Amino acid sequence: MFLVGGIGFGYVSSLVKDDPVRTTDFILEKVNENDLTGFVYFNDGTQVGQLRSDEDRRIIGTGELPDTVRNAVIAIEDYRFYEHSGIDFKGTFRAVTQKLTNADVQTGGSTITQQLARRVFLSLDKSDNRKAKEIFLSLRLERLMSKEQILLAYLNKIPFGNGSNGTNLSGIKAAAKGIFNVDDLNQLNVAQAAYLAGLPQSPSTYSAFTSKGKFDKTGFDKANTRKELVLKRMLETGYLTQSQYEEALKFDVQASLAPTSEKAYDTYPYLMLEAERQASEILLNLNNPNVKKGTTKTEQDAYNEAAKESREQLLRSGYRIYTTIDKTIYDQMHVISEEPKNFTPDDPTKGVEQIAGIMIDNKTGAILGMIEGRNFFIEQMNLATQMKRQPGSTMKPIAAYAPALEKGAIQPATVIDDVPIVLKDWVKKWHLPENWDNDFHGLVTARTALNWSYNIPAIKLFLNQVGIDTAWDYAKRMGINSITKEDYNAQTGVIGGLSEGVSVEEMTNAYTTLANKGVFNDAFMISKITDADGKVVYEHQQKPTTVFSEETAYLMTDMMRTVITAGTGTDIMKDYKYFKTNPVVGKTGSTQNDGDAWFVGYTPDITVGVWAGYDTPKLTLKKTGCNTTTELGCGTQRAKKIFSKVMNATVENKPELFVTKQFERPANIVDMTVSGYSGKLPNEETVKAGKLNTDIFNKKWVPTEEDNVLVHQKFVAYDGKVYLPKPETPADMVQEKLVVRREKSISSIISEIEGILPQLPEENRPDISHYYPLDYQNDSASVVDPRTDDGQRPAAPGGVALHRLGDGSFEIVFSPAANPDLVGYRLYRTSDSNGFQRLNGKVALIGQEARIVDKPPTQGLVGYYVTAVDVVGKESPPSRVVYSDGNSGDIVPIDSMGIPTGNGSGASGGNGAGGTPTPPPGQSAKGAPSAPRSLALKPTNAGLEISWAANAASEGVKRYDIYYSDKENGKYTKLQSSTTTKVNYYAIVYDGWYRVTATNNNGESAPSKAVQYKK
């Protein structure tokens, strides 16, 4: 063993021959060195505050270390501590053997002296000969210091995880206080001492408390298991008797833990913690550039250890951290975020309505101010930089519109069809995305689609024009690094359906690219770090990269200008007082059920991004029961409201940030008028239709093709769809209009959805009418009317009624007939004794309202009836006739020769006909009245007036019956009855012979003399 030791010492000496020789004074000074205080500064050099570690370090001196603690530490960490001279070859051999054999008890290979040497001198040394240096330094420490000094130094420096208030604990005394609320180590019992002794091996793993001071059962259970191992080692090494060991095992450590409590912070707690976090990451990258977070546990453990060491180095080395934060801006943003009147009152269920925001200099990427949350003592996480939430529609310019503009796939006036799209869904089989307003708007320009934040056009661009891979590539180039591999399968990622979400910093940083003419600068908050002596150890270097052309950036900016002037962001014009002198552009965003609300806006000089919401997305912002017109507004308006307040305060307090008054228009941006149907050059039909859009274009991508989507087409409408008419369909039942030949017809889309809906869960199956776009009526037909002739003459429409309108017109309404093959209805009118005539052009088609309006040329009495027409032209019998004087009745049916058949039904004062034959001429029933006399016929505006002289009252006449025949001596048919001596008769044919009989209780009289009417 001595030979091996000698050889080993010689080998170690050869490895550290170039290592600087540390003097005794230097070594002792480092071992006993107190941490240096660091500072954080605003961008003008004024001090934010002292660099505060969130660790609690308390020093113990000689005589303060009880044997119980000493024995527990030595038993688990280095039980030959008092026997070796800094290096324990037996211990190292034992540790290796335990590792290789996977023994139940695992002990470390490094001695306490080695661990002290490593922590003091080699914490960031990752060289190959680090272990050799550690051994060499351990030997020197043993020669320079006593065992007691080494043990005390070790116990004063090692970390013990989180305390009950979330503070990191360094040193055994701080650990006793923070974990057990024990000030004097002598008060610790064996179980507690063993628990503490087991923590240094992996403080983060064995922590019973989270960083917020909450009890962590998982961490405690692991620490408690580790405690049992320590007790076992104490028993094995003779520090405990069997009874002491068993008694210690029974002790309830959890019950003795310190109660949880809150941290005490000074001014700017959010900013100080963010400065510490970012500065430690910078030091980590400087000292360990090859250490990455990785995906394996080993890689992650290595990264966590390196990150912890970097943070400890930062907090103990007296660094000066210079930030980009403007004190005035930062303070004013927090005045806004800390004013309760600016937010929805706290909800007993939802809690506090939260806010996060960030302001970035467009030219440099420097972060000028932040809102990290409303109250540090409610929420310690920096919501502006560390929280990830779904971005909603704020992702649309980043992953859809700007990339599509860059590619030349769209310009602001490009027309996109906002119609239903069908996506595959691995859970529900199919997914039909919706717009936020539950409508489909049909043919809209890209500008309009963005103005109103319609989802379907953005999804179409994302999937079909840009492509998911390219879209996320652009997002990453703009600083959105939270895109995951799962997001490459997210078909609706462009509207916020990401696996993790994005931070406010990421989203705001991305928008600075558009504000900065397409050039991205990574956002940063730390401009410089110096050591205690003022030596610069880090200084930020800008690395601008061009993502988009100036033309694309300008077009995207101008499209977001109209989001505010004519879209979802119009609130900004009212709430931002300086909009006219310092205009902004921007984009709104929200997530399903309003769990998140966003607004990101920019001037040529600065970009401000704001998020509003609650702790979890399922808690939604207030949308009802609030007044959107007040200064407070609703929760769903919160991001826009806070954005406006931040901008108002910035203009008033930092006007020098607004040196550029307008966005510079590149020379290659031109104005052009295009078709509002296609976005192409307008043709004659487009000009006639007046559907023109004038907008700006990238000269490189101006349209060169003429519009060819407008066509004149005859069609019939049925069941919400349009079809080509059958050859037999009557011309007056066919419509003709200027239609749009869409990329995909509405009828084909509806047919596809009809096939899909039955496969969806019942709660996701709206009526098919929901999927028709608002402009579906301009869709062109491509399929012939599928209806077939049922072989039957249509039934006459019922429920006919006439209403006089104010302009002298009449509205004829009716109940539709039930025949499935109907195409429409015709209107007939009579206004003189010529009978009823069909009114050309006066029709009601299937799918339209069951009403027809007509204005007769004269003001006299008029009558109307309606017929139904089927798909092959067959027409129903007339409906009941309605008259302008309020009367109504049935037309006497006529045969093929135009002769009344007498099969109608009579009605007093109407047109009915009974069909009872008259008595033979000259014959009256016994006691019946005499034949009526003085029969006269007089044409009127809408029919024929028939009158006669009244019989004597003594004859007791109950009624008069009117008869008709086409010949004087032919067969007479009863037309109608009357209790008066005058009737108005309406028919299709009037020419013929008329006579009248009188009837009393004894029977019917002989007929009057027949009188002929001939026009």
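## A salt bridge across the chain

Glutamate 64 pairs with lysine 173 in a salt bridge, with the closest N and O atoms 3.5 Å apart. The model is predicted. The two partners come from distant parts of the chain, 109 residues apart. Glutamate 64 sits in the loop between β3 (55-57) and α3 (67-77). Lysine 173 belongs to helix α8 (residues 172-180).

Side chains of opposite charge can pair when their charged atoms come close. Across the whole structure, a search finds 52 salt bridges.

## Helices α12 and α13

Helix α12 spans residues 269-287, and helix α13 spans residues 297-316. Their axes come within 8 Å and cross at roughly 115°. The crossing is right-handed.

Which residues of α12 meet α13? They are Leu273, Glu276, Arg277, Ala279, Ser280, Leu283, Leu284 and Asn287. On the α13 side, the contact is made by Tyr303, Ala306, Ala307, Ser310, Arg311, Gln313, Leu314 and Leu315. By class, this contact has 9 nonpolar, 4 polar and 3 charged residues.

## The second largest pocket

The second largest pocket has a volume of about 1500 Å³. Its lining holds 46 residues. Nearest its centre lie Trp436, Asn455, Ser590, Thr591 and Gln592.

Strand β17 provides the largest share, 3 residues. By class, the lining of the second largest pocket divides into 24 polar, 13 nonpolar and 9 charged residues.

How values were computed
Residues are numbered from 1 along each chain as its sequence is written. This is a predicted model: local features need pLDDT of at least 70, side-chain atom pairs count only at pLDDT 80 or more; totals for chains, interfaces and linings use all residues. Side-chain values use heavy atoms; hydrogens and water are left out. Axes are lines fitted to C-alpha atoms, for helices over the stretch in contact, and angles run from 0 to 180 degrees between N-to-C directions. Helices (H or I, at least four residues) and strands (E, at least two) are DSSP runs, numbered from the N terminus. A crossing is left-handed if the near helix is turned anticlockwise from the far one by less than a right angle, and right-handed if clockwise. Contact means heavy atoms within 4.5 Å. Ala, Val, Leu, Ile, Met, Phe, Trp, Tyr, Cys and Pro count as nonpolar, Asp, Glu, Lys and Arg as charged, and the others, Gly among them, as polar. On a 1 Å grid over the protein atoms alone, a cavity is a set of points where a 1.4 Å probe fits but cannot get out, and a pocket is an open set with protein on both sides within 12 Å along at least five of seven lines; lining residues have an atom within 4 Å of a point. Grid points are joined across faces, edges and corners, and a volume is the space filled by probe spheres set on the points. A salt bridge is a side-chain nitrogen of Lys or Arg within 4 Å of a carboxyl oxygen of Asp or Glu.
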